Amino acid sequence: MDKSFIGLLPCALKVPFENALSIYIKQLEDHNLAMDCHYSIVSNANNELDFFAQIKDLDSIQSLPDIMLAPGFNGFFSKGFMNKHKLNNEFTTVGDAQINPLWNTLGLQDEKGYYNIMGFNPTVFLVDETYHKDLPTPKRWSDLLKPEYEKKIAIRGSNKKSEGLPMEFCEGILLNFYNELGKEAIEQLGQSVKWSLHPSQMIKLAGRKGIETPFVSAVPYSFAKLVKQNEKVRIVWPEDGAIVNPIALLIKNKEDILNSRMIQFLLSEPVSKLFAQIGFASIHKSTADDLPPNVPYKWLGWDFIEKNDLGVLKRSLNETFLKNYGGEI
């Protein structure tokens with residue numbers, strides 16, 4: 001890899017991020033300043049598997065980009081990657097002085113100084129009473145396991161059968177259910193879920209008439225807020241917290257990198273604003289987000305991440321979920 005920055009970005013973030021970076025580079029050029037970074041920005045949906053397959057077998061940090069950004073509980077959190085790089089203190093954080101106070105409240109700041117959580121996309125309930133008029137509204141994540149919601153739930157998933165790979169379901173949801181309620185909850189959740197969809201498909205279904213639609217879609221807030229709410233369709237913020245799906249930023253622990261122009265860009269006001277505009281929380285201290293005030297969040301926690309090999313655990317939970325999944329394959 002000859003890039004010093006690679007960003008695997010969610011589809012909602014990729015295009016505005018590229019536009020903001022183009023403006024930043026133009027400003028540098030106008031002041032006769034050079035961009036000290038070769039970069040690549042790609043869609044996470046299409047490139048995550050290839051990227052993490054490549055870095056999985058790299059033993060030397062010299063072979064990795066200087067700065068890496070990727071969403072979800074991805075290969076950065078696998079035990080193999082952690083053991084090779086984390087134990088040698090090969091990455092660093094930006095420091096408390098520059099971060100959103102919410103990060104300390106939620107415990108998102110990695111006290112061991114390895115991961116930066118650049119932002120997160122909270123997952124909430126989008127409740128649609130159009131088809132199921134008499135069901136009670138779930139208040140907590142564990143409510144989704146109740147029998148009355150069997151085959152009435154949608155979560156994010158992708159079908160990779162054409163690539164010879166199993167279906168994959170939202171790892172943030174599976175890991176949080178497992179963390180709090182154990183593997184039996186994954187089996188129960190599989191029975192509750194009938195739809196495995198991209199978030200854009202979930203919001204298109206909301207309020208549709210004439211077809212059965214999910215009563216609850218567990219959907220990123222950035223998509224849910226695009227839906228026009230009415231007496232039948234509304235966003236419900238779980239009482240026990242919207243699930244935090246992190247966007248992890250890894251920065252090599254080497255001299256002067258925290259002063260690089262790419263880091264300055266990542267921590268800049270334009271980047272903080274674009275996170276806020278699409279409904280993400282961000283690490284930036286300076287800009288207010290566009291999230292409801294005083295709402296709870298559910299963060300998996302660094303202790304859980306340290307104790308488990310998330311790469312192995314995700315595969316196991318996905319297999320368990322798939323065996324009990326009540327939807328189409």
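Predicted model: local features only at pLDDT ≥ 70, side-chain atom pairs only at ≥ 80, totals over all residues.

User: How many residues of domain 1 and of domain 2 are in contact, and what makes it a contact?

Analyst: Contact means heavy atoms within 4.5 Å, and 19 residues of domain 1 are in contact with 23 residues of domain 2.

User: Why are α5 and α12 called roughly perpendicular?

Analyst: The axes of helix α5 (residues 171-181) and helix α12 (residues 310-324) come within 10 Å and cross at roughly 90°. Angles of 65 to 115 degrees count as roughly perpendicular, and α5 and α12 are therefore described in that way.

User: Which residues of α5 and α12 meet, and of what class are they?

Analyst: From α5 come E171, L174, L175 and Y178, which meet L310, L313, K314, L317, N318 and F321 of α12. By class, this contact has seven nonpolar, one polar and two charged residues.

User: What makes a space a cavity, and how many of 30 Å³ or more does the structure hold?

Analyst: In a cavity a 1.4 Å probe fits but cannot get out, and the structure holds one cavity of 30 Å³ or more. About 50 Å³ of space lies in the largest cavity.

User: Which residues line the largest cavity?

Analyst: The lining consists of N100, S272, A276, F280, A281, S282, H284, T287, A288 and D289, with four nonpolar, five polar and one charged residues by class. Helix α10 (269-278) and strand β12 (281-282) each supply at least two residues of this lining.

Terms used. Residues numbered from 1 in each chain as written. Heavy atoms only, no water. 1 Å grid on protein atoms, 1.4 Å probe; cavity = no way out; pocket = protein on both sides within 12 Å on 5 of 7 lines; lining within 4 Å. Points joined across faces, edges and corners; volume = space filled by probe spheres on them. Helix = DSSP H or I, 4+ residues; strand = E, 2+ residues; numbered from the N terminus. Nonpolar A, V, L, I, M, F, W, Y, C, P; charged D, E, K, R; others polar. Axes fitted to C-alpha atoms, helices over the stretch in contact; angles between N-to-C directions. Parallel < 35°, antiparallel > 145°, perpendicular 65-115°, else oblique.
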